[in-house]
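Try each task yourself, then check the worked solution.

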Amino acid sequence: MIAALRPMMKTHRLVMLGLAVGAVAWCAYALRWDWIPTYWNNGLILTGLETTLSLLAFSWTIGLFFAIWLGLAQASGPWYLALPAKGFCSLIRGTPLLLQLWFFYYGIGSTFQQFPWIRHSWAWTYLREAWPYALMTLTLSFAGYEGEVMRGAFLGVPKGQLESARAFGMTRFTILRRIWLPQAVQRVLPTLGGETVLQLKATPLVATITVVDLYNVSQTVRQDTYVIYEPLLLLAAVYMAITGVIVLIFRWLEHRVPSKVA
Amino acid sequence: MFDAISHLFDPGQALGLLAYAPPGWGGNLLAGLGRSIEIAVGAYAVGLTIGIFGAFGKIYGGEVTRDIFGIYTTVVRAVPELVEILILYYLVPQVVNSILLSFGYDRVSLPQMPVGILVLGVVLGAYMTEVLRGSILAVPQGQIEAARAYGMPPLLLARRIIFPQMMANAIPGMANLWLNATKDTALLAVIGFNELTLTTMQGAATTKNYFVFFIAAGLMYLVISIVSGRFFARIERWARRGQPLVRGGGI
Amino acid sequence: MKLKLMALAAVAALGLGTAAMAAPVKVGVAAEPYPPFTSPDASGHWSGWEIDIMNAICTDQKLDCVVTPVAWDGIIPALTAGQIDMIISSMSITKEREKVINFSDKYYETPAALAVTKDATFKPTAEGLKGKTIGVETGSINKDYAEKFFGKTSTLKVYQTQDLANQDLAAGRIDATVGDEFALQAFLDSASGKDCCKSMGALPYDSATLGTGIGAGFRKSDTALRDKFNKGIKDIRANGTYDKITKKYFSFDIYGG
């Protein structure tokens, strides 16, 4: 504990720490925070947090699943799989997420209503909501970016490993499951932490299509109370805390997975 | 052939909305694209400047400098760009104006463009610092020591030894940041800046023809990304001249 | 970083300080099509009733007014932070807003109205709207109104602009929207509004949420500009310019009583 604190025990760091504490104290004292109880009690803050976190979690999981296949298709698939996969990744990575989001929600989403068979089907309940579009766009985006990362990871696994696996008579699927994928995943882990943070930082855009995430809640507060900076500062602090947690999780994960690649 | 194509843009045709002159929105969209590129280039320049200072500060600076840049890069990279842009977009004019007022000048309203450039540049600068720092650290220490031992002055050392070698490492990261810069300009749409995405949305909302506009804008962004991808690949090949190629395996 | 920012700002300030004397008045307009009051045309210029009125007033008062599009949800912070000098964006004069900014005298007045999908059969009351989804524009009086009267029994969906709420009404993703009647009517008369939606007429007036007419917004410290603008409103009302412009867009007087 003492040893961990030692790097902090330098004069300039103590001064900076003091300044930081002072700044926080000043913010707490001089700025307006009286809106927090209202929005805490009506549950809006927690709703926003929940939406942000679940959008992140689901888009991450589903996106990564697709990314593995996208990476695989590009790394060793036949051309009729590799080419579309490459095209998809370039398309996603080459256009702004905001544009994609608006395209799906305001573009495609507004056409469904003219088909009676869609309007009267079970899907209409979901197509009327905004979050399915948000989740889909975020998932596709994550798949596109990670597909590229996975391609690099698959190609980075030494050839000899795969050749010897084949020499042992492993089937292609077994090679993938036992040799190729684990080593590729091992390689992307350090990158994946950063990419997850980037994905978190992409989520506030969903507020522009009426999804009530954390960012949207802060905007609501700003609109209702005419307080300009405080909700944004608190929001920034919350995102920093979530980022911190993500970084810690990945550090722990990297620890658990042996990092020596043969 | 050309005739057939140019007729596609007639008013009333599918692409008539995109014709260059009004009532087509083409000219307006291109102007939006121009503003987007202008912001991206400006922000990239600001980011590069901050990044160079940041990288050298983080490696060769004193303890205080290093810590300050450390806080800057950590905080900026942990908070969504949209939130940062929003905070800075209101904060910058307010700070400028309170300085002006306290010196007895009149309040000015800053033009949007420089504020947008500055805001995006500050965000990009944090990433640029990390990219450049990593690429400088990848230059073998022995080379720098050898150059020092020969009595090379610091500037010459930077120009002849560090810079050429770090370029090869830095270019992929810098290329990514350039693409981020072009795409991040779209975030300014949320604060009402008339760049490509907002112009697209306005055109789409006015004409109620969402597909034509979104696809057109998407293609424009895609062209930027493909063209600059080619450009950076060429620079990287130039920077890596003389180095062996690295290739991976596959099933 | 802060220091650097300040230094940059100071440099910028020095450069601009000399040019600040005859500075144009930046008029903030919500960056969205809001016909017939403010909307961008294909060449990127802004036009509409409000733009014409603004130009008439600025000419009358010899002000150099420049339209500056900003996001509606940030239009008040943009004013107080100094990004713009004036808000002309169909903004109603309310007690809440007056705590933060100053308003000119009103220059027009519109009731709130309810637009619904064509097949709707319910009544425009809290009872009728029970369980329905109502779209409103963020930070608008209509949102406050809908929250107050329908918020407990209906779901509110908050959009960044009224135009997007209209768009989603046309797409059938909301059952109704509360908006300013004149602008809503313009949407219902348009090609995309005609087929999908209809009006349920004006909603009962509520002074607490709906305010007292529409005015231009100014910084608290900028009383000189506001006084000039008020003088301008009086002048163009007196010399007939106001009515002439109104006739171009409406078949009735929108100034209100």
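Two residues count as being in contact when they have heavy atoms within 4.5 Å. Keep in mind as you go that this is a predicted model.

**Exercise 1. Work out how chain C sits against chain B, from residue counts down to a salt bridge.**

Step 1: start with the contacts. On the chain C side 38 residues take part, and they touch 40 residues of chain B.

Step 2: turn to area. About 3300 Å² is buried between chain C and chain B, and carbon and sulfur atoms give 64% of that.

Step 3: look for charged pairs. How many salt bridges does the rule find across the interface of chain C and chain B? There is one. Its partners are Lys208(B) and Asp163(C), whose side chains come to 3.4 Å, N to O. A salt bridge needs the nitrogen within 4 Å of the carboxyl oxygen, so this pair passes.

Step 4: find the elements involved. Helix 1 (2–17), strand 4 (65–70), helix 3 (75–81) and helix 6 (162–170) of chain C each supply at least two residues to the side that touches chain B. Helix 1 of chain C gives the largest share, seven residues.

Step 5: Between chain C and chain B, eight residue pairs are in polar contact, counting pairs with both residues at pLDDT 80 or more.

**Exercise 2. Check the "transmembrane region" annotations against the model.**

Step 1: read the records. An unreviewed UniProt entry lists residues 39–57, 112–129, 161–179 and 210–233 of chain B. For chain A, the UniProt annotation, also from an unreviewed entry, covers 54–75 and 232–253.

Step 2: helix or strand over residues 39–57 of chain B? The stretch is 100% helix and 0% strand, and its end C-alpha atoms lie 26 Å apart. Residues 112–129 of chain B are likewise 100% helix, with 26 Å between the end C-alpha atoms.

Step 3: move to chain A. Residues 54–75 of chain A are 100% helix, their end C-alpha atoms being 31 Å apart. Residues 232–253 of chain A are also 100% helix, and span 31 Å between end C-alpha atoms.

**Exercise 3. Trace the open sheet of five strands in chain C.**

Step 1: write down the order, which is 9-8-10-7-11, with mixed pairing.

Step 2: which are the edge strands? Strand 9 (155–159) and strand 11 (197–202) of chain C each pair on one side only. The twist averages 30° from one strand to the next.

Step 3: zoom in on a pair. Strand 8 (residues 133–137) of chain C runs parallel to strand 9 of chain C, over five bridges. Ile134(C) stands opposite Leu156(C), which belongs to strand 9 of chain C.

Methods. Residues are numbered from 1 along each chain as its sequence is written. Chains are lettered from A and ligands numbered from 1 in the order in which they are written. This is a predicted model: local features need pLDDT of at least 70, side-chain atom pairs count only at pLDDT 80 or more; totals for chains, interfaces and linings use all residues. Side-chain values use heavy atoms; hydrogens and water are left out. Two strands pair if DSSP finds at least two bridges between them. Helices (H or I, at least four residues) and strands (E, at least two) are DSSP runs, numbered from the N terminus. Axes are lines fitted to C-alpha atoms, for helices over the stretch in contact, and angles run from 0 to 180 degrees between N-to-C directions. UniProt positions are given in the numbering used here, feature names are shortened, and annotations may be inferred rather than shown by experiment. Buried area is the accessible area (1.4 Å probe) that two parts lose on being put together, summed over both. A polar contact is a pair of N or O atoms within 3.5 Å; within protein, one must be able to donate a hydrogen and the other to accept it, and residues adjacent in sequence count only if both atoms are side-chain atoms.
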